[in-house]
Amino acid sequence: MATKHNLISRLTRIVELFQTMGETGLTFNELNSKLKSTFVDENHSISLRTFQRDIKDIQSSLKIRIIFDKKRKKYLLLNESLAEESKNSHLFTMESLKMLNIAQDVSNQDFIFIDKRKGTGLEHYNTIKEAICLKKHLEFNYQKFDQYKADYRKLMPLALKESKNRWYVVGFEIKNGAKINMLKTFALDRINHCEATTTFVLKDMVDVQKHFNDYIGVTTKPLEGFSEKITVKIETSIEYGKYFSTLPIHPSQKTEIENGKTIISLQVIPTMELVSELLAHNHQIKIIEPEKMVQIVKQILSKNIKQYN
């Protein structure tokens, strides 16, 4: 009997294989052959009956449908099962399953090395999930990095958001018994003594995902002089531009080749988090539009240089 680890690994790999093959599809024998070549340390060949059960498990747990095309005598991944509105959740689920596979391998494999620099705070996940799902206030002590003492906070939590290996809870803060009508984010690694308490009623629906659509990361405070979404253009080499094709800065990213350079365009509201993201690429990139943002970056770089004089 397959262990849970092997089952998760197999289901994840089956979906990956069908995503890779696209409209070409796979026969059962082709799939079995690829499964064998994937798991070289153990025999992971499966019977047709097991595969039929796997298809049902994939559909029920991942909402992804794999069907048999009688004319072509091949199994295919239905494109409609990866509709745009649920694509992100499917991608996250798949990535989480892959990470679970890796986590289970780390203890008994000597070729996997994990970065020890990880964000903390996920020990609060279950409490925050309870508060969000049951619409309960979240009460906690919160200590900013520039404070010596934690402050008591009360929140109407609406969602969890991940950015750069850090997790944040998003919601409306309660101050002096009244709701502040502005979404705020609180980093989980700065929360302690977290508790889900009394229930609340939110009269108006809030689209948290849409709230962050025009920003980079979790910061929604625009740079001075900016208040609306604009086009930010970045210039880099063709070689380095390939980096951004594998890890886009923002979903709005578009890339063009002009005069031997890669030009990257973003439709965003500029924030300091965007500036930090771009400065992390040092001399490899250059902001060319808008001019106001170019000047802001020049001022920051000037201050940096003075620190070394």
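**Helix packing up close**

Modeller: Happy to! Helix H8 (residues 272-279) and helix H9 (residues 291-306) have axes that come within 11 Å and cross at roughly 65°. H8 is therefore roughly perpendicular to H9 (a label for angles of 65 to 115 degrees; under 35 is roughly parallel, over 145 roughly antiparallel, the rest oblique). Axes are lines fitted to C-alpha atoms, for helices over the stretch in contact, with angles from 0 to 180 degrees between N-to-C directions. Helices (H or I, at least four residues) and strands (E, at least two) are DSSP runs numbered from the N terminus.

Please bear in mind that the model is predicted: local features need pLDDT of at least 70 and side-chain atom pairs 80 or more, while totals for chains, interfaces and linings use all residues. Residues are numbered from 1 along each chain as its sequence is written, and side-chain values use heavy atoms, leaving out hydrogens and water.

From H8, Met272, Leu274, Val275, Leu278 and Leu279 meet Met293, Val297, Ile300 and Leu301 of H9, contact meaning heavy atoms within 4.5 Å. These residues divide into 9 nonpolar, no polar and no charged (nonpolar: Ala, Val, Leu, Ile, Met, Phe, Trp, Tyr, Cys and Pro; charged: Asp, Glu, Lys and Arg; polar: the others, Gly among them).

As for the sheet, 5 strands form an open, antiparallel arrangement in the order E6-E5-E4-E3-E7, where pairing takes at least two DSSP bridges between two strands.
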